[in-house]
Amino acid sequence: MLNVSEIINYYVEEGLIQPESTLQNGREYRDYSERDVANLLTIADLRRLFFTIDEIKT
């Protein structure tokens, strides 16, 4: 089973959310806006209703 950070990383890779990212000391840090958080909550609700990632993208 995936943990929450892996799921969020997957959603970023799929383009469902686009957090701001910065590089510090050779590491990437993401800044999630209120809109990103709201989108994550919406995605979670839709996934509980068995929507696929492709359906959510449209």
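Let's start with a term: helices (H or I, at least four residues) and strands (E, at least two) are DSSP runs, numbered from the N terminus. With that in hand, this chain has three helices and two strands, and along the sequence they follow the pattern α-β-β-α-α.

A word on where this comes from. This is a predicted model, so local features need pLDDT of at least 70 and side-chain atom pairs count only at pLDDT 80 or more, while totals for chains, interfaces and linings use all residues. Residues are numbered from 1 along each chain as its sequence is written, and side-chain values use heavy atoms, with hydrogens and water left out.

Now, the overall dimensions. The C-alpha trace spans about 40 × 25 × 15 Å along its principal axes. Of the 58 residues in the chain, 16% are buried. Here buried means under 20% relative accessible area, exposed means over 50%, and partly exposed lies in between (1.4 Å probe, protein chains only).

So which residues make up the largest nonpolar core? A nonpolar core is a set of buried Ala, Val, Leu, Ile, Met, Phe, Trp, Tyr and Cys residues joined through side-chain atoms within 4.5 Å. Here the largest one has seven residues: Y11, L16, I17, L40, I43, I53 and I56. At least two residues of this core come from each of α2 and α3 (53-57).

Take a look at I56. Leaving aside residues up to four places away in sequence, I56 touches L16, I43, L46, R47 and F51; contact means heavy atoms within 4.5 Å.

Finally, two residues in loops. N25 sits in the loop between β1 (20-24) and β2 (27-31), and F50 in the loop between α2 and α3. F50 is not a glycine either, and has a positive phi of about 70°. For background, most residues other than glycine have a negative phi.
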